[in-house]
Amino acid sequence: MKFVIQRVNKADVSIEGNVCSSINKGLLVFFCAEKDDEKGGTFGGKALNCQGVLEYYADKILKLRIFEDVNGKMNRSLLDIGGEILVVSQFTLAASVKKGTRPSFDNAMEPIAAKKMYENFIETLKSRGISVKTGVFAADMQISLINDGPVTIILD
């Protein structure tokens, strides 16, 4: 799995010129499922199944201390500020450009399984009691955002 996380003041997803989701202060999260992600993984010395990995990443993202406190230090999480989260599927994060200049997406998970994993990740976030908005899986989306900072974090 790969995630690109951006701290935003505002973000929205449009399809064919119509806004379908939007958030104010919070996180824009691009999500990519890769081959073999269904097998789970090892984090902190613990072997986790696929759902365990989704829960690990959901908790990590929600608790990232990347929002400023009263002293201007990045010391507050999305949970601390009561922010929103917008999750957008983006298989292109699985791109490899090791050979040539045309990206290979061979490492991206097959679409049916990737959609299920994307939906499971969203449900995992929602189970934490926060406001979660989404893009539309496999749609041609236009993303607008006002990046705050800018702050961008990559998890994989």
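1. Start with a term. A residue is buried when its relative accessible area is under 20%, exposed when over 50%, and partly exposed in between (1.4 Å probe, protein chains only). E84 has 18% relative accessibility, so it counts as buried. E16 has 75%, so it counts as exposed.

2. Know what you are looking at. This is a predicted model, in which local features need pLDDT of at least 70 and side-chain atom pairs count only at pLDDT 80 or more, while totals for chains, interfaces and linings use all residues. Residues are numbered from 1 along each chain as its sequence is written, and side-chain values use heavy atoms, with hydrogens and water left out.

3. Strand β8. Helices (H or I, at least four residues) and strands (E, at least two) are DSSP runs, numbered from the N terminus. In β8, 6 of the 6 residues are buried, so the strand is largely enclosed by the rest of the structure. E84, L86 and V88 point one way from β8. I85, V87 and S89 point the other way. In a regular strand the side chains alternate between the two faces of the sheet.

4. Partners of β8. Two strands pair if DSSP finds at least two bridges between them. β3 and β8 run parallel and are joined by 6 bridges. F30 stands opposite V88 of β8. β8 also pairs with β9 in the parallel sense, over 3 bridges. There, K133 in β9 is the bridge partner of L86.

5. E84 up close. E84 lies in strand β8. Its side chain reaches the backbone nitrogen of N24 at 2.7 Å. Leaving out residues up to four places away in sequence, E84 touches I23, N24, K25, G26, L27, L78, S131 and K133.

6. Helix α3. This helix covers residues 111–126, 16 residues in all. From first C-alpha to last, α3 reaches 22 Å, close to the 22 Å expected at 1.5 Å a residue. The expected span is 1.5 Å times one less than the number of residues. At the start of α3, a side-chain oxygen of E110 comes to within 2.9 Å of the backbone nitrogen of I112. Which residues of α3 are buried? They are A113, A114, M117, Y118, F121, I122, T124 and L125. Their cover includes β1, β3, α1, β8 and β9.

7. The cores. A nonpolar core is a set of buried Ala, Val, Leu, Ile, Met, Phe, Trp, Tyr and Cys residues joined through side-chain atoms within 4.5 Å. The largest has 32 residues, of which F3, L27, F31, I61, I85, V87 and F121 touch the most other members. β1, β3, α1, β8, α3 and β10 each supply at least two residues of this core. Apart from it lies another core of 14 residues, among them F30, C32, L86 and A108.

8. Aromatic pairs. Rings of Phe, Tyr and Trp (its six-membered ring) pair if their centres lie within 6.5 Å; planes under 30 degrees apart count as stacked, over 60 as edge-to-face and the rest as tilted. The structure holds 10 such pairs. The rings of F31 and Y118 have centres 6.0 Å apart and planes at 45°, so this pair is tilted. F31 is in strand β3 and Y118 in helix α3, 87 residues apart, and the pair links distant parts of the chain. Both residues are buried. For F43 and Y57, the centres are 5.5 Å apart and the planes at 80°, so that pair is edge-to-face. One aromatic cluster is formed by F3, F31, F43, Y56, Y57, Y118, F121 and F137.

9. Backbone points to check. Most residues other than glycine have a negative phi, and most peptide bonds are trans. E16, in the loop between β1 and β2, has a positive phi of about 50° although it is not a glycine. D36, in the loop between β3 and β4, has a positive phi near 75°. A cis peptide bond joins G149 and P150, with omega about 0°. P150 lies in strand β10.

Terms used: Contact = heavy atoms within 4.5 Å. Polar contact = N/O pair within 3.5 Å; in protein donor to acceptor, adjacent residues only side chain to side chain.
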